[in-house]
Amino acid sequence: MNRFAELLDRLAYEPARNNKLRLITDYLRATPDPERGWALAALTGALSFRHAKPALIRTLIAERTDPVLFALSYDYVGDLSETVALMWPAPARRVPSPASGGGLGRGPATAPPPDELRSSTSPASGRGEEAKAPTLTDVVETLSSLGKAELPAQLARWLDGLDETGRWALLKLVTGGLRIGVSARLAKTAAAALGEHTAQDVELVWPGLAPPYLELFAWLEGRAERPVTTDPSPFRPAMLSHAIEESDFSTLDPAEFTAEWKWDGIRVQAVSGRDEDGTRVSRLYSRTGEDISKSFPDLADALQHDGALDGELLIVRDGRVQTFNVLQQRLNRKAVTAKLIAEFPVHLRAYDLLHDGEQDLRELGFAERREKLAAFISKLNDPRIDLSPLVPFDTWDALTAARADPASAGAGEDAAAVEGVMLKRRDAPYVPGRPKGLWWKWKRDPLIVDAVLMYAQRGHGKRSSYYSDYTFGVWKSGPDGDQLTPVGKAYFGFTDEELLKIDRFVRHNTVERFGPVREVVHEPDQGLVFEVAFEGLQRSTRHKSGLAMRFPRISRLRFDKPPRDADRIETLERMLDRIEAGRATTVAPAIESPKAVVS
Amino acid sequence: MRPDQLLAPTPSGLCCKPGGFYIDPVRAVDRALITHGHSDHARPGHGSVLATQETLDMMRLRYGENFAGSTQAIRYGETVTLDGVTATFRPAGHVLGSAQIAVESGGLRIVASGDYKDAYDPTCAPFELVKCDVFITEATFGLPVFRHGDAAHEVAKLLHSVSVFPERAHLVGAYSLGKAQRVIALIRQAGYDKPIYLHGAMEKITYYYESRGIPLGPFLPVRGAAKTDLAGSIALCPPSALNDVWARRFPDPVTAFASGWMRVRARARQGGIQLPLVVSDHADWDGLTATIAATGASEVWVTHGQEDALVHWCQMRQLKARPLAIVGYGDEDEGATPADEATE
């Protein structure tokens with residue numbers, strides 16, 4: 001457990017994806033079965049046991065520490081699990097004999113003779129004599145069968161045996177608060193790197209596996225054959241698109257492509273089939289293969305087809321597709337209640353068919369799959385599942401016009417949920433990953449405002465010496481005249497060269513420092529204007545401005561523009577009104593010099 | 001004699017009126033006794049300075065030859081008498097040359113411990129317990145969440161990271177006087193024998209440690225090194241340099257920071273640290289409380305740091321305790337950039 005805790009500890013501080021991968025692979029390589037399998041389960045969210053409540057943790061620590069010292073400590077640390085992990089008293093241990101050179105100093109015998117200074121509770125003075133550190137395997141196996149009444153005493157015994165980091169990780173694990181920025185996909189990618197395999201390979205066998213994944217590791221390390229998937233509804237790695245650029249069109253023949261709307265929802269794979277006993281198994285997967293059925297039981301439980309559909313999950317009310325803002329209100333809820341389901345009914349707009357019954361269609365061309373998809377959907381006859389319509393066009397100009405005004409080009413009332421068009425080659429097979437030249441996305445032009453840099457924060461990793469996270473604001477009238485009010489934060493969109501320029505500006509124009517944050521001069525005639533591009537806007541009670549931008553990035557530096565000429569909050573409010581009226585794309589004419597979108 | 005007649009806090013620092021001297025004064029005074037070389041305790045401009053040879057040498061390195069009117073070196077265990085008051089210097093285990101000062105008069109003994117630690121440190125003499133009536137303790141890490149564990153374990157973490165990321169540089173922020181040399185010594189004890197890169201601000205003091213018989217090398221200066229040479233290396237720099245333009249010369253550095261503050265995750269995150277190393281030159285909570293108990297003191301004065309919790313702890317044990325408000329002492333990892341920490 002201590003070794004796993006050290007991995008979690010390191011991952012929590014490491015921002016870069018590749019470095020996280022290295023750390024996880026290194027751990028999996030150095031750790032024996034079944035310990036590493038349980039670790040992989042913890043990282044992929046595949047562990048399930050009864051979670052301990054914070055109240056239990058509070059009770060345990062209250063029985064062992066002085067209330068004043070605990071209050072002062074908690075106030076300083078700010079996190080319950082961490083405070084408890086740090087101040088948990090180590091169990092009484094033997095006081096080291098003078099000959100061992102322990103006592104006062106902790107370490108080699110050059111320490112002074114002991115004066116019985118350190119009482120027996122020093123954590124490092126004699127690690128693990130009575131209480132033994134549990135392995136992750138111990139913890140997981142015990143928790144799966146432990147009664148509620150036995151939990152407090154068991155937890156206390158484990159805490160006695162672990163060091164500070166181990167206690168922190170254990171408490172995070174048992175309270176279900178293991179947030180370390182690692183996705184299931186990332187953990188699987190790290191496991192794949194044990195052998196000459198890719199994440200796709202692991203993804204393909206994954207649905208048939210269960211922790212502690214002994215057969216997976218045996219295969220990855222070349223000690224056994226590839227595990228056989230018996231799962232009747234496995235995930236199939238998704239095919240992804242490239243963003244198209246202006247220059248690409250001249251090389252592409254419109255006759256070879258079909259177009260459809262790019263829906264602003266969640267990409268999902270809906271798979272259903274029967275297991276050996278004839279029981280139906282239905283699942284909804286995210287595009288990275290995470291099983292998200294539990295979040296959408298209304299759709300997942302309704303799946304009755306034998307096959308695998310690729311499509312967009314959307315909220316549809318009274319036959320009208322709702323915007324992503326509405327969908328977002330259904331996401332990330334702890335409990336999916338009947339009320340939530342009734343208020344935000346989910347719908348699948350299908351655009352591909354990967355499996356039809358037993359038949360794998362992925363080698364067929366898109367046009368052929370599309371015909372089979374249309375027949376499949378009409379046979380299904382489920383009001384919750386429909387076919388994503390094609391957008392007819394014969395020239396790129398015609399498609400440009402459709403993209404500029406989806407409402408008139410067939411999307412009708414659903415236009416507000418359209419975020420551009422998708423181009424698919426008629427003869428393209430379904431290729432996992434992001435193959436070149438087969439699928440293109442052509443997003444609608446982003447929304448753009450000119451905003452003023454207000455605060456800058458240092459980045460992480462490679463960017464730790466650069467001010468690379470920016471808070472920007474727009475003008476708003478207040479009691480003392482016009483003031484800048486923050487409307488968003490962005491940390492990408494600029495080139496490395498532009499980053500150097502902004503960093504230099506920040507360092508030379510700092511008015512105040514707050515830890516890693518610098519307040520940068522922002523006066524009507526002094527400051528730096530950013531052109532900020534973003535994909536959407538929504539109302540927010542958490543932000544001072546009452547607005548939240550979706551996917552904001554710095555699209556241009558406007559050193560030429562004085563801050564007084566930056567946009568006002570009213571501009572954003574008008575954009576929001578238009579979005580809510582389902583006419584977001586018509587905002588474009590109000591924007592100066594719209595750019596081709598590259599995302 | 002009452003304790004506060006022998007030693008009392010004043011705006012200039014802790015003052016012994018009958019002996020006519022100050023301990024670690026924060027303003028220039030006629031006669032100063034200095035516990036150790038950190039800049040908040042050892043300031044220039046005093047009439048005369050009494051300290052260990054190492055502390056005097058460090059002041060000279062930092063402030064130049066004329067940092068005081070006159071100086072007198074004293075050895076551990078040696079006693080001087082000043083106007084009838086005796087002062088004895090004992091090792092404090094904080095940094096090279098650091099001392100506790102036992103002040104005694106008329107059968108009353110007060111120990112001003114300065115900064116101290118009771119943990120293993122191969123670069124300085126170990127802390128020596130002095131029985132006393134009044135113990136003056138620091139409280140930098142005076143909360144029970146601060147338990148520093150084994151520094152060798154933290155260094156093992158660093159070396160493991162070097163083996164996982166052999167193409168990245170490991171940039172370790174450590175205070176230039178004391179912490180850096182201790183970390184280097186621990187790295188050497190762990191068997192790492194490649195050259196360690198040093199930030200320019202650390203060179204003088206590190207070579208001084210070597211001149212006092214503490215082997216730490218081999219070293220290479222970061223100054224002038226090519227990016228390709230720095231790949232896979234361990235480099236030490238003052239904490240302030242970690243996020244400075246200076247750090248850009250390193251290839252995709254892993255930023256580590258050796259400090260007792262790294263025990264608390266929020267502190268590490270605020271600093272953008274990727275590899276926190278819990279290595280402290282101050283006593284942790286267990287060290288503070290064990291030391292206080294072992295001195296046999298019936299009265300405890302708590303100086304800089306988290307005084308509240310430590311005073312509360314003493315009072316629970318029926319020890320008379322009070323915070324001693326002396327302005328001007330900081331923790332070397334925390335303060336603003338001192339002059340000698342400036343980048344190259």
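The following paragraphs describe the interface between chain A and chain B and then the sheets within each chain.

The model is predicted: local features need pLDDT of at least 70, side-chain atom pairs count only at pLDDT 80 or more, and totals for chains, interfaces and linings use all residues. Residues are numbered from 1 along each chain as its sequence is written, chains are lettered from A and ligands numbered from 1 in the order in which they are written, and side-chain values use heavy atoms, with hydrogens and water left out.

At the interface, 56 residues of chain A are in contact with 55 residues of chain B, contact meaning heavy atoms within 4.5 Å. The two chains bury about 4800 Å² between them, 54% of it on carbon and sulfur atoms; buried area is the accessible area (1.4 Å probe) that two parts lose on being put together, summed over both. The rule finds 5 salt bridges across this interface, a salt bridge being a side-chain nitrogen of Lys or Arg within 4 Å of a carboxyl oxygen of Asp or Glu. A salt bridge links the side chains of A:R22 and B:E167, at 2.9 Å from N to O. On the side of chain A that touches chain B, at least two residues each come from α1 (2-13), α2 (17-30), α5 (67-77), α6 (80-87), α9 (164-174) and α19 (496-508) of chain A. Helices (H or I, at least four residues) and strands (E, at least two) are DSSP runs, numbered from the N terminus. The residues on that side of chain A comprise 24 nonpolar, 14 polar and 18 charged, where Ala, Val, Leu, Ile, Met, Phe, Trp, Tyr, Cys and Pro count as nonpolar, Asp, Glu, Lys and Arg as charged, and the others, Gly among them, as polar.

Chain B contains an open sheet of 7 strands with mixed pairing, in the order β7-β8-β9-β10-β11-β18-β19; two strands pair if DSSP finds at least two bridges between them. Its edge strands, β7 (79-82) and β19 (320-323) of chain B, each pair on one side only. From one strand to the next the twist averages 20 degrees; axes are lines fitted to C-alpha atoms, for helices over the stretch in contact, and angles run from 0 to 180 degrees between N-to-C directions. Within this sheet, β11 (residues 134-139) and β18 (residues 299-305) of chain B run parallel and are joined by 5 bridges, with B:I136 opposite B:W301. Helix α8 (residues 285-295) of chain B packs on the sheet, touching β11 and β18 of chain B, and its direction makes about 175 degrees with that of β11(B). Helix α9 (residues 307-316) of chain B lies across β11, β18 and β19 of chain B, at about 165 degrees to β18(B).

A further open sheet of chain B has 6 strands in parallel pairing, ordered β14-β13-β15-β12-β16-β17. β14 (219-221) and β17 (275-277) of chain B each have a single partner strand, so one side of each is left without a neighbour in the sheet. The twist here averages 25 degrees from one strand to the next. Parallel strands β13 (residues 196-198) and β14 of chain B are joined by 3 bridges, and B:I196 stands opposite B:F219.

In chain A, β16 (residues 517-520) runs antiparallel to β12 (residues 447-458), with 3 bridges between them; A:Y455 has A:E519 as its bridge partner. β16(A) is also joined by 4 bridges to β15 (residues 510-514) of chain A, again antiparallel, and here A:R513 is partnered by A:R518. β15(A) and β16(A) form a hairpin with 2 residues between them, and A:G515 in the turn has a positive phi of about 55 degrees.
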